[in-house]
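Reader: I would like to learn how to read a structure such as this one, feature by feature. Could you give the general idea each time and then the case at hand?

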Number of protein chains: 2
Amino acid sequence: MNIKKLNIDDIEWLDVNLEGAKNAKYKILLGDNFGVPNFILRVFKIFPGGHTPLHTHDWEHENFILEGEGILRNSKGEEIKINKGDSIYVPPFEEHQYFNNSEKDLIFICLIPRVRGMKN
Amino acid sequence: MNIKKLNIDDIEWLDVNLEGAKNAKYKILLGDNFGVPNFILRVFKIFPGGHTPLHTHDWEHENFILEGEGILRNSKGEEIKINKGDSIYVPPFEEHQYFNNSEKDLIFICLIPRVRGMKN
């Protein structure tokens with residue numbers, strides 16, 4: 001069988017090194033490792049008080065929250081609460097920052113297109 | 001904010017009505033409901049002894065196992081064990097059937113391209 005698998009616990013967490021990130025880690029589960037054609041499956045872990053960069057880009061995110069809670073916010077002061085079991089769609093060009101305002105780790109799937117900015 | 005969210009518990013399970021499916025349900029979390037451009041996030045639940053069709057198609061799956069365990073198998077008798085926390089890549093044209101050979105529900109994310117057969 002050409003089916004490939006990888007357990008989340010068998011992959012090392014990497015630091016999110018982007019400017020504006022704090023106490024945030026990630027790992028890539030399905031991507032160039034298996035030659036996926038269309039979209040990349042990553043998992044992020046944000047520690048209490050941590051966040052990803054406040055930024056925008058021309059591709060979308062699709063998220064699924066595996067553990068914990070937090071908020072998605074922008075520079076206008078708008079925010080959306082996110083909780084375990086939520087699926088979230090962040091459209092292209094939508095400013096966003098994942099922020100963990102809780103006391104437990106926030107862990108979520110974050111999907112991106114393999115070719116960013118791709119439109120169909 | 002144009003960010004959309006939907007909790008997994010707020011969406012009804014639908015029967016997998018494809019021929020060859022048994023005791024399998026699914027729900028679509030991110031898809032046409034939010035106008036996603038590139039890939040559709042669905043969740044499947046397979047009850048003990050249940051399965052999806054044994055089939056093949058010209059698009060890939062990307063999976064993440066949320067709960068339970070089972071196997072992926074094909075008509076040659078080959079199989080791969082799948083467990084909670086596994087991410088799985090099923091390439092285009094790879095024959096596959098998700099089968100729950102355990103005594104607990106098997107629940108997993110199953111992503112597909114929005115335009116099936118799309119290649120980049």
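Author: Let us begin with a single residue, keeping in mind that the model is predicted.

Reader: What sits over the ring of A:Phe99?

Author: That ring has the charged end of A:Arg73 over it, 3.9 Å from the ring centre. In chain B, the charged end of B:Arg73 sits over the ring of B:Phe99, 4.0 Å from its centre.

Reader: Turning to the chain as a whole, how many helices and strands does chain A have?

Author: Chain A has zero helices and 10 strands, so that, read from the N terminus, its elements run β-β-β-β-β-β-β-β-β-β. Its radius of gyration is 14 Å, close to the 14 Å that the globule rule gives for 120 residues, and chain A is therefore as compact as a globular protein of that length. Taken along the principal axes, the C-alpha atoms of chain A fill a box of roughly 50 × 35 × 25 Å. Of its 120 residues, 53% count as buried. Among contacts in chain A between residues at least 6 apart in sequence, 63% join residues at least 24 apart.

Reader: Which residues touch the most other members of the largest nonpolar core?

Author: In soluble globular proteins, nonpolar side chains tend to be buried together. In this model the largest nonpolar core has 32 residues, and those touching the most other members are A:Phe64, A:Ile109, B:Leu41 and B:Ile109. Among the elements that give two or more residues to this core are strand 5 (61-67) and strand 10 (106-113) of chain A, together with strand 5 (61-67) and strand 10 (106-113) of chain B. To follow one member, B:Ile109 touches residues of both chains, including A:Phe64, A:Ile109, B:Leu41 and B:Phe64.

Reader: Is B:Cys110 buried or exposed?

Author: B:Cys110 is buried, with a relative accessible area of 2%, and its place is in strand 10 of chain B. Although B:Cys110 and B:Val43 are 67 residues apart in sequence, their C-alpha atoms are 5.8 Å apart in space. The residues that B:Cys110 touches include B:Phe44, B:His61 and B:Tyr98. As a further case, B:Ile28, in strand 3 of chain B, is partly exposed, with a relative accessible area of 39%, and touches B:Ile11, B:Ile40, B:Leu41 and B:Arg42, not counting residues up to four places away in sequence.

Reader: Where does A:Phe93 lie, and what is the value of its phi?

Author: Most residues other than glycine have a negative phi, and most peptide bonds are trans. The phi of A:Phe93 is near 70 degrees, a positive value in a residue other than glycine. A:Phe93 lies in the loop between strand 8 (86-90) and strand 9 (97-99) of chain A, and A:Phe93 is exposed, with a relative accessible area of 61%. B:Asn23 also has a positive phi, near 50 degrees, but its place is in strand 3 of chain B, where B:Asn23 is partly exposed at 44%.

Reader: Finally, which rotation superposes chain B on chain A?

Author: A rotation of 180 degrees, with 0.0 Å of shift along its axis, superposes chain B on chain A with an RMSD of 0.0 Å. That is the relation of a two-fold axis. In chain B, the C-alpha nearest the axis belongs to B:Phe39, 3.8 Å from it. Both copies use the same surface, since 100% of the contact residues of chain B recur in chain A.

Notes:
Residues are numbered from 1 along each chain as its sequence is written. Chains are lettered from A and ligands numbered from 1 in the order in which they are written. This is a predicted model: local features need pLDDT of at least 70, side-chain atom pairs count only at pLDDT 80 or more; totals for chains, interfaces and linings use all residues. Side-chain values use heavy atoms; hydrogens and water are left out. Copies are superposed by least squares on the C-alpha atoms of residues with pLDDT of at least 70 in both. Contact means heavy atoms within 4.5 Å. A charge sits over a ring if NZ of Lys or CZ of Arg is within 6 Å of the ring centre and within 35 degrees of the ring normal. A nonpolar core is a set of buried Ala, Val, Leu, Ile, Met, Phe, Trp, Tyr and Cys residues joined through side-chain atoms within 4.5 Å. Buried means under 20% relative accessible area, exposed over 50%, partly exposed in between (1.4 Å probe, protein chains only). Helices (H or I, at least four residues) and strands (E, at least two) are DSSP runs, numbered from the N terminus. The radius of gyration is taken over C-alpha atoms; the globule rule is 2.2 Å times the number of residues to the power 0.38.
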